[in-house]
Amino acid sequence: MAKLVDADGFRTYIRDGWGEWDSHIDLPKGTAEASAAHRAKLVAALPGKRIALAAGRAHVRSNDTFHEFRADSDFVWLTGCQVEGAVLVLSAEDATLFVPVPSEAHSVDFFGDADRSPFWIGAAAGPKEWGEALGITARPLEDLAHALRGRHPETLTAKGVDPLLDALTGSHSDELRTTLAELRRIKDGWEIDQLRQAVDASVKGFADVAMELGQAVRGGGERWLQGTFDRRARTEGNGPGYTSIVAAGPHAPVLHWTRCDGRVNETDLLLLDAGVEMNSLYTADVTRTFPVSGEFSEPQRQVYDLVYKSHVAALAEVRPGNDYSAFHHTAMRVLAEGLHDWGLLPVSVDKALDPSGQHHRRYIVCGTGHFLGLDVHDCADARQETYQQGILERGMALTVEPGLYFHPNDETLPPELRGIGVRIEDDLVVTSTGADVLSDALPIEADDVAAWVRKQRS
């Protein structure tokens, strides 16, 4: 069969008769100003260095299909741009954004490139539009190789994000990722506003899920509820900030229950861990555990109340000048004391809390919080002394999320506790005097949670 590209009539006729593509760029207000301020912070932190960072490339899902593209978080923090293949070159003297140029009608790529041509995927902005939208010098990606030549002996970059940049630089820098992670620990006002919007949208998503509990029980199951939240995330923002966890009944103790393929029963607890990622890519990360029926059973309430007690105690530890780890240690002590009172620890509370003990961690093997921002587990490349072993500072955004996870086949537990999992997770920003709980529109006290479920279901 002859290829379409070989048909002279087609190639001639498809070149002409096209009007302008709508290549307008719609960015959250303040994106350009925030990105410029972030670049200034990086230049000040790495004086005399030239930096190159790539947005990245979409990953293959299967054969010739790809996962949806999501730009590198450090790149977005510095540019506000989310174009696949784009590269930023930054120094004290200049910042230039290199952007792929959309295929034009006279080129074969216009009808032949199904992955990038506006003919196939819709209008796309080029260097001119991105330069104007972000107030930055923008040039065609084809100019990148020439731009990376020059007197700079070394260009700091992050390896493995884009093969083109890897080939042009030939090296990478752990210092760059670490510096960026530590700069990103302190959120500015624009970033906090993006996080607040993400949390507010997530609160709507949680209400959506609660309203659909009846349908989930009738046959939709966990997948129905996952789709319910994710639909809200796609309409309020870019989508879910991570794979939503919807864990009913015996699945609730499974920390990473992302399969979401189980039934939902009226007598279950439902653990919902989900967050909306805004179009700026800042994400929420919220968890609530609630009774599907709107009423806790006695064992469910017993576990929930202990987690609630630990959560409230941990929240009180989030304030400037306090050790980052203080909220974690406080939550763990409350949980260990409760587990000991129930006769579930083979040692004393002090022995369990000793670094060589940790017996209580059988029921909470995960941590109790993390930084939050462009990544759900933000600033992961920061040094320990500036993160888990550091001090809380005003502007840090983090989660607090203690829980208890009693697997259904755990024979150390009495039968009535097996298969119960509870986590409460809030998103906070450290203020000058304490912390602002962004997610406090969702209830956490057991009676309030139960009443909230009944209200949504009605």
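Tutor: Start where two helices touch. Lys 41, Leu 42 and Ala 45 in α2 meet Leu 176, Thr 179, Leu 180 and Leu 183 in α9. By class, this contact has five nonpolar residues, one polar and one charged. Keep in mind that the model is predicted.

Now the geometry. Two packed helices are described by the angle between their axes and the distance between the axes. Helix α2 covers residues 31-45, and helix α9 covers residues 174-183. They pack at an angle of about 130°, with their axes 10 Å apart. α2 and α9 are therefore oblique to each other. The crossing of α2 past α9 is right-handed.

Turn to the rings. The whole structure holds 16 aromatic pairs. One of them joins Phe 206 and Phe 229: the ring centres are 5.9 Å apart and the planes stand at 85°, so the pair is edge-to-face. Phe 206 sits in helix α10 (residues 189-211) and Phe 229 in helix α11 (residues 213-236). The two are 23 residues apart, and the pair links distant parts of the chain. Phe 206 is buried, with a relative accessible area of 0%. Phe 229 is buried too, at 0%.

Next, look at Tyr 324 and Phe 327. Their rings form an edge-to-face pair, 5.3 Å centre to centre, with 70° between the planes. Tyr 324 counts as buried at 5% relative accessibility. Phe 327 counts as buried at 1%.

Finish with a cluster. Ring pairs link Trp 18, Trp 21, Phe 110, Phe 119 and Trp 120.

How values were computed. Residues are numbered from 1 along each chain as its sequence is written. This is a predicted model: local features need pLDDT of at least 70, side-chain atom pairs count only at pLDDT 80 or more; totals for chains, interfaces and linings use all residues. Side-chain values use heavy atoms; hydrogens and water are left out. Rings of Phe, Tyr and Trp (its six-membered ring) pair if their centres lie within 6.5 Å; planes under 30 degrees apart count as stacked, over 60 as edge-to-face and the rest as tilted. Helices (H or I, at least four residues) and strands (E, at least two) are DSSP runs, numbered from the N terminus. Buried means under 20% relative accessible area, exposed over 50%, partly exposed in between (1.4 Å probe, protein chains only). Axes are lines fitted to C-alpha atoms, for helices over the stretch in contact, and angles run from 0 to 180 degrees between N-to-C directions. Angles under 35 degrees count as roughly parallel, over 145 as roughly antiparallel, 65 to 115 as roughly perpendicular and the rest as oblique. A crossing is left-handed if the near helix is turned anticlockwise from the far one by less than a right angle, and right-handed if clockwise. Contact means heavy atoms within 4.5 Å. Ala, Val, Leu, Ile, Met, Phe, Trp, Tyr, Cys and Pro count as nonpolar, Asp, Glu, Lys and Arg as charged, and the others, Gly among them, as polar.
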